[in-house]
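Reader: I'm new to this one and would like to walk through it slowly. Could you show it to me before we start?

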Amino acid sequence: MPIALASVSDKRGIEEFCRGLIARGWSIVSTGGTRRTLRAAGLEVRGVSDLTGQPEMLEGRVKTLHPTVHAGILARREVPDDLDQLTAHGIAPIDLVVVNLYPFRETVAREGVPLMEALEQIDIGGPTLLRAAAKNHPSVWPICDPADYERVLAALDSDERTAAKKLRRELASTVYRHTASYDAAITAYLSQTESDGGPRRIPGHEALAALVRVQPLRYGENPDQDAAFFRDGSGPPRGIPALAQLHGKELSFNNILDVDGALTAIAPFVGGNQAACAILKHSTPCGLAVGGSAEEAYRKALACDPVSAFGSVIALTEPVTEATAEALSGNFVECILAPDYSDDALLVLRQKRNLRILKPGADTRLEAGGHLWDGVEIRGVRGGVLVQAAPRPARDVDREARVPTARAPADAEWDDLAFAWSAIQSVKSNAILLARDGASIGIGAGQMSRVDSVELSIRKARAQGLEVAGAVLASDAFFPFRDGIDAAAAAGVTGIVQPGGSRRDDEVVEAANEHDIAMVFTGRRLFRH
């Protein structure tokens, strides 16, 4: 009679599966809670202690860690000496292992879980059983997913040995993927704990990402690319996975990229004394503004580039009122993200069937920089990944900042320079942003030279009939030559904020002085490739 060992945390379908095994002539050996569940269902089940002759110990911490169990799993059926050793020691082969692991990820997904509670959910025996069965999958069935129960029973009924062998190999792959993800989640959690909740450090050797699939996607950036959305499984959902969708079609690959850009754009303004709005297209802003209300911030942001705002993603730092919703509904928008919506606002917005409406889910809220992945950004490249500490929101400009020019900014210029510096962080490099009265009026993004971005921002502002003269300008990196300063001055720009640090800073400052431009150096670069 073949033996199956069952020890599951997720008990979905286990009664039916074991009932099916017994009907096919199998004997069931089980542990603790699984044994009680199966016996309560009227199934004949032996305890692991009956097999090993040893009691479960340490409140269940030690149950299956015994040579009788692991020799029964690991013995190679095609090696006579292995089978002779089993016979000599009175050990029966175990031909099927069905195990799923303690709910570690589900436990640490709750906010504020004590360390000792998390440690109790680190499974030791389960991964060992699964890995042993998967290693010996030519002879042993390794099963960790309830979704595979019916497939295994069907394979046991079939005479197709080749198909059964192929299925066992597939199940073994599932096991190792499952245990690797489980270990990665534990590694990430303990790394966070050891750093007292601070930003995760870049790994010195191996980098482990505990990824959990959120949902499949219809396709990637283009229809011929397969895609899915995963989240960090080492803790509670954060950022985009923590958002609740109230209405509209499911998010696409490109929508998710744009929402990520939107969260980046509003991060410096969350918790500020004014409402902020970011309008994004292709993951870079085409309008950013602050105002006394969400509606005012939206109208000011839209004025920067209403043409590009068609089919955009919009993020707001304040709840959406009916008036804001009416203003938003006048344009075609793919997705809206806000802290909350009034009932009247939702009535207006839901008239657009496909509009995706997002807000933070239960027990979450928008936080400055809170969308970042525990202080780490991971980006895929061909054949590998890049890992970096995530940037903190740009809030570096105050009146103590370095002013290298002869003229310091006036009060109104200081306010606009501070806004422009916070706003430039989310613009793709080379990035230039013109601002006036707490709003972007022209944005130059993604150009190969900085002077081209300056000229583009001026051209975009003028195309909307916005006055550049008297505006300020932010640059995400230093000016390598004075040509960008000259172009800004010719358009009437009166203030510039930039990191500084070029070998030609003296020439750039001299150009600013020639044009009576006040310039601020932040000492911090904000590239976003």
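**A buried loop residue**

Author: Ala390 is buried, with a relative accessible area of 18%, which puts it under the 20% cut-off for that word. Please keep in mind as we go that this is a predicted model.

Reader: Where does Ala390 lie?

Author: Ala390 sits in the loop between β15, residues 384–389, and α15. From Ala390 to Leu349 there are 41 residues in sequence, and their C-alpha atoms are 33 Å apart in space.

Reader: Which residues does the cis peptide bond join?

Author: The cis peptide bond joins Ser429 and Asn430, with omega at about -10 degrees. Asn430 is found in the loop between α15 and β16, the latter being residues 432–436.

Reader: Changing topic, what is the strand order in the open sheet of five strands?

Author: The order is β3-β2-β1-β4-β5, and the pairing is parallel. β3 (46–47) and β5 (141–143) stand at the edges with a single partner strand each, so one side of each has no neighbour in the sheet.

Reader: How many bridges join β4 to β5?

Author: Three bridges join β4, residues 96–100, to β5, and the two strands run parallel. Within this pair, Val98 stands opposite Ile143 of β5.

Reader: Which strands do helices α1 and α9 lie across?

Author: Helix α1, residues 14–23, lies across β1 (3–8), β2 (27–30), β4 and β5, and runs at about 175 degrees to β4. Helix α9, residues 149–157, lies across β1, β4 and β5, and runs at about 165 degrees to β5.

Reader: What about α4 and α8, at what angle do they pack?

Author: Helix α4 (residues 67–74) and helix α8 (residues 125–135) pack at about 25 degrees, with their axes 8 Å apart. Angles under 35 degrees count as roughly parallel, and α4 and α8 are therefore described that way. On the α4 side the contact is made by Val69, His70, Ile73 and Leu74, while α8 brings Thr128, Leu129, Ala132, Ala133 and Lys135.

Reader: Is His282 buried or exposed?

Author: His282 counts as exposed, at 66% relative accessibility, and its place is in the loop between β9 and β10 (284–291). Phi of His282 is near 55 degrees, a positive value in a residue other than glycine.

Reader: Last topic: which residues of α18 are buried, and where do they fall around the axis?

Author: In helix α18, residues 505–514, the buried residues are Asp505, Val508, Val509, Ala511 and Ala512. Seen down the axis, they fall within an arc of 155 degrees, so they line one face of the helix. These buried residues pack against α17 (483–490), β19 (495–498) and β20 (518–521).

Reader: What follows α18?

Author: α18 is followed by Asp516, with a positive phi near 60 degrees. Asp516 lies in the loop between α18 and β20 and is partly exposed, with a relative accessible area of 48%.

Key
Residues numbered from 1 in each chain as written. Predicted model: local features only at pLDDT ≥ 70, side-chain atom pairs only at ≥ 80, totals over all residues. Heavy atoms only, no water. Pairing = 2+ DSSP bridges. Helix = DSSP H or I, 4+ residues; strand = E, 2+ residues; numbered from the N terminus. Contact = heavy atoms within 4.5 Å. Axes fitted to C-alpha atoms, helices over the stretch in contact; angles between N-to-C directions. Buried < 20%, exposed > 50% of the residue type's maximum accessible area, 1.4 Å probe, protein only. Arc of directions from axis to C-beta. Parallel < 35°, antiparallel > 145°, perpendicular 65-115°, else oblique.
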